[in-house]
Amino acid sequence: MAHPSQLGFQDAASPLMEELLHFHDHALMIVFLISTLVLYIIVAMVTAKFTDKLILDSQEIEIIWTILPAVILILIALPSLRILYLMDEINDPHLTIKAMGHQWYWSYEYTDYQDLGFDSYMIPTQDLTPGQFRLLEADHRMVIPMNSPVRVLISAEDVLHSWAVPALGVKVDAVPGRLNQTTFIVNRPGVYYGQCSEICGANHSFMPIVVEAVPLEHFENWTSSMIEDA
């Protein structure tokens, strides 16, 4: 959960988000080192009163500042490509959920169960109970089992939407007439919040996403109660 004045990312709740955080730190350190080196060179060139002919014309320096950036780009590209392939890899998901974006709410359908689906609307501010978050709480949460691969099929019924949960490292566009998919594993129980991340109309800010990860036994009890109530 994000908090005021937060500078970094939310704590990772999935292995994929942990990989993204590691890559972010890796790339940020490279940027920091490059910025420090460039700043030092600028200050040295401005303040120095002497001139060295080997700096003004040197084949060795030109070779170094051509090869070094290429090496740095490779050091950034290789882990980036690895994460891209990990994000697209879907291996035998234990649960498949279809998320449909509407103006302005989400609907979820558990395709592995018969007649298990519901709409998820934002809880109005006046109906919130103490401890609930404004603009982030939904009347029905998407409940999933922890430590299980979950596949989410994402589409929209009217306009463009985007299904995004930062703590899980997930952000997928919901496009009318097109079915996108993503997968994740939540490695600890908890409630994770997200919002539509694509401008979709007047109430774009009022269609939150709430994912609740629970142990498998609790998930089975929840599915049984939802099917009985349907």
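P15, L16, E19, L86, M87, E89, I90, N91, P149, T183, F184 and I185 line the second largest pocket of this predicted model. A pocket here is an open set of points on a 1 Å grid over the protein atoms alone, where a 1.4 Å probe fits, with protein on both sides within 12 Å along at least five of seven lines; lining residues have an atom within 4 Å of a point. Two or more of the lining residues come from each of α1 (15–47), α3 (59–88) and β8 (180–184), and α1 makes the largest contribution, with three residues. Helices (H or I, at least four residues) and strands (E, at least two) are DSSP runs, numbered from the N terminus.

The volume of this pocket is about 290 Å³, taken as the space filled by probe spheres set on the points, which are joined across faces, edges and corners. By residue class, its lining holds eight nonpolar, two polar and two charged residues; Ala, Val, Leu, Ile, Met, Phe, Trp, Tyr, Cys and Pro count as nonpolar, Asp, Glu, Lys and Arg as charged, and the others, Gly among them, as polar. Domain 1 (13–86) and domain 2 (93–227) each supply at least three lining residues, with domain bounds taken from an automatic or database assignment.

Residues are numbered from 1 along each chain as its sequence is written. Because the model is predicted, local features need pLDDT of at least 70 and side-chain atom pairs count only at pLDDT 80 or more, while totals for chains, interfaces and linings use all residues, and side-chain values use heavy atoms, with hydrogens and water left out.

Turning to the strands, β10 (residues 208–214) has six of its seven residues buried, so the rest of the structure largely encloses this strand. Buried means under 20% relative accessible area, exposed over 50%, and partly exposed in between (1.4 Å probe, protein chains only). Strand β10 pairs with β4 (residues 142–145) in the parallel sense over four bridges, and with β9 (residues 190–196) in the antiparallel sense over six bridges; two strands pair if DSSP finds at least two bridges between them. A213 of β10 is the bridge partner of I144 and also stands opposite G190.

A hairpin is formed by β2 and β3, with six residues between the strands, and D115 in its turn has a positive phi of about 60°.

What of the cysteines? The whole structure contains zero disulfides, a disulfide being a pair of cysteine sulfur atoms within 2.5 Å. The sulfur of C200 has its closest cysteine sulfur in C196, 3.9 Å away, and therefore too far for a bond. Both residues count as buried, C196 at 6% relative accessibility and C200 at 4%.

Two further residues illustrate contrasting surroundings. E60, in helix α3, is exposed, with a relative accessible area of 55%, and its C-alpha is 51 Å from that of V186, 126 residues apart in sequence. S148, in the loop between β4 and β5 (150–156), counts as buried at 10% relative accessibility. Between S148 and S5 there are 33 Å, C-alpha to C-alpha, and the two are 143 residues apart in sequence.
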